[in-house]
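Welcome! Let us walk through this structure together, one question at a time.

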Amino acid sequence: MDIGIERLRCQLREAVEECSARGLVFSTKWAAEQLCSLPLSDNLGGDTEDEKDGGIPVGGSKATPTLKNRLRGAGQVSQTTGATEGETEQGDNTLEDKRMQWQQLDAEERDRMALGKSLFDVREFERAAFMLQGCRGPRAVFLRLYSLYLNSERRASEAGESKGSNSSAVAEISAELLALDAVGDLDGFGIYLLALSLKASGRRDEARNACLRAVQVFECNWSAWELLAGLAGAQSATVCPATGWVRHAFLAQALVAAEAASAEFAGHVAELERLVGRSGFVMGLRAQRHYHMREFDEAGSEFSALQALDPFRLELSDVHSNILYVTEDRGRLAALAQRCAAVDRFRPETCCVIGNYYSLRREHDKAAGYFRRAAQLDSACLAAWVLLGHELIELKNTAGAADAYRRAADIDARDYRAWYGLGKTYEMLNMPHYALRYYARAAALRPHDSRMWCALADCYDRAAQPDSAIACYRRALHASPESAAHAAARLARLYAAAGDRPRAAHCYRLLLAHAATDAADDVASACLFLASYELDRRNPRAARQYLSQVADAAPHRAEEASAMLRAMASSSN
């Protein structure tokens, strides 16, 4: 990618200014973080001498190319519409006129915009929208409609409804934005707000198209990229624009949990590090990747480095606590909970960390309370709903768990944990057909995770579908090693029940190779079966070797092995 550091710095500075003016705090924070991670000198080699002065060519327009792109409206962009060279020149002149008009309007409405933004900042959304009525500049129009949108979301949340439930208010916002879009009076931020309102109205395909236009028009609005990721789902790679440097961040974020995309993920992260260095965002991507690949030691090291870089950072602390929970590192989890609480007790991430701490201590009521608080603080917090579902399962509250997992699936249908949790919930309710559907969704999202295939196979087994169960257990054996012993044991029993003793013996041998210390009964069963199998093959020496392992594995089944040894002795006499 041929982009110089000064041009990149100029682009990010503009993003900070424009996003901040419109109240897009998360986009502002993201852009500022990347900006402060840039090296001081230009070593990217992408700028010309004319671009060194803040990205402005000498003798050229006072507006940077980024600013011109931001102000492109409803798709009259030559490179995206295929216009001829003459049409392109005419379109650029029209665009320049529109840009000058918008700049003049923003300047004239500066005082009212200051009042509206101050009201927006203290969350007086209706009042902010009222004060900005009649303004026609792109900043004021965006802030007025965004205030109305956030107010409708707040009303729905207060009424206990899902986001987007206040359809009449959202529909009015969409209608006004569509009217402005039809005459080319929307900049990149307006198009993003249009996508947001269309999604809330359930018009996901139109929202995705609008969101794609928004990131093409203004590249550094990270909120638009995150919205596009949610709308595109598994098709993120196919809808991503082919140009621009932020697409590397978008694709790396989309691939962070993809098991079979290690090379692609590494390539995008390497390009980001070349451009913006090891920013907190980039380090977080690497930590999340290790976490999803169950490389907990590497993930812990990345999180420790991230904490040293920014000790007051709370983003992704919930993921860090998940790692400490799985590894049962109670001391470090307690220290993390104390640090997060000292920074901000009322952040969703803090509540999730504290909830994990209580869950590790088996205080599931307290844990569920903290996860509920996290969900109340941010109803779009995926981790809060997933972890709440886990705790409610522990408390045998299946109805509440199913509702929590559904909320998580609504937030991000790409997260396998929500579908797996729903499968587990319906399995507990003895509704195998529903459980099968949800487990299948989880396995499709995590095809290399043996736990998903074992859960699906167990469900098929209980539903008396042995052929399907065998197929899933075989997939589990060729996936990750976590559940290999479980899959081998179940597969051996199914083969034995079907009379296929050679395959059953092969699976029991695999079980002995992968068995853990907590699988004593399975190991004993495997040894007893293999001893019987070797006796049928007239191999008493191998049979005695297997029987000698039974007492060590499961002392309570030693009598069965002794009985077989006595029978062997009597038959030999």
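Buried means under 20% relative accessible area, exposed over 50%, and partly exposed in between (1.4 Å probe, protein chains only). Helices (H or I, at least four residues) and strands (E, at least two) are DSSP runs, numbered from the N terminus. This is a predicted model, where local features need pLDDT of at least 70, side-chain atom pairs count only at pLDDT 80 or more, and totals for chains, interfaces and linings use all residues. Residues are numbered from 1 along each chain as its sequence is written, and side-chain values use heavy atoms, with hydrogens and water left out.

Q: Why is helix H14 described as largely enclosed by the rest of the structure?
A: Helix H14 covers residues 246–255. Its buried residues include Val246, Phe250 and Leu255.

Q: Which helices do the buried residues of H14 pack against?
A: Packing here rests on contact, meaning heavy atoms within 4.5 Å. The partners of the buried H14 residues are helix H2 (25–37), helix H12 (222–232), helix H13 (236–239), helix H15 (262–276) and H16.

Q: In which helix is confidence lowest?
A: Confidence is given as pLDDT, the predictor's score for each residue from 0 to 100. The protein averages 86, and 88% of the residues score at least 70. Over residues 47–88, pLDDT stays under 50. The lowest mean, 34, belongs to residues 78–81, helix H4.

Q: Which helix gives the most to the lining of the largest cavity?
A: On a 1 Å grid over the protein atoms alone, a cavity is a set of points where a 1.4 Å probe fits but cannot get out, a pocket is an open set with protein on both sides within 12 Å along at least five of seven lines, and lining residues have an atom within 4 Å of a point. The whole structure has two cavities of 30 Å³ or more, and the largest holds about 90 Å³. Among the residues lining the largest cavity are Phe303, Asp310 and His320. With three residues, the top contributor is H17.

Q: What is the volume of the second largest pocket?
A: Its lining has 37 residues, with Tyr325, Val326, His390, Tyr420 and Arg451 nearest the centre. Grid points are joined across faces, edges and corners, and a volume is the space filled by probe spheres set on the points. For the second largest pocket, that volume is about 1100 Å³.
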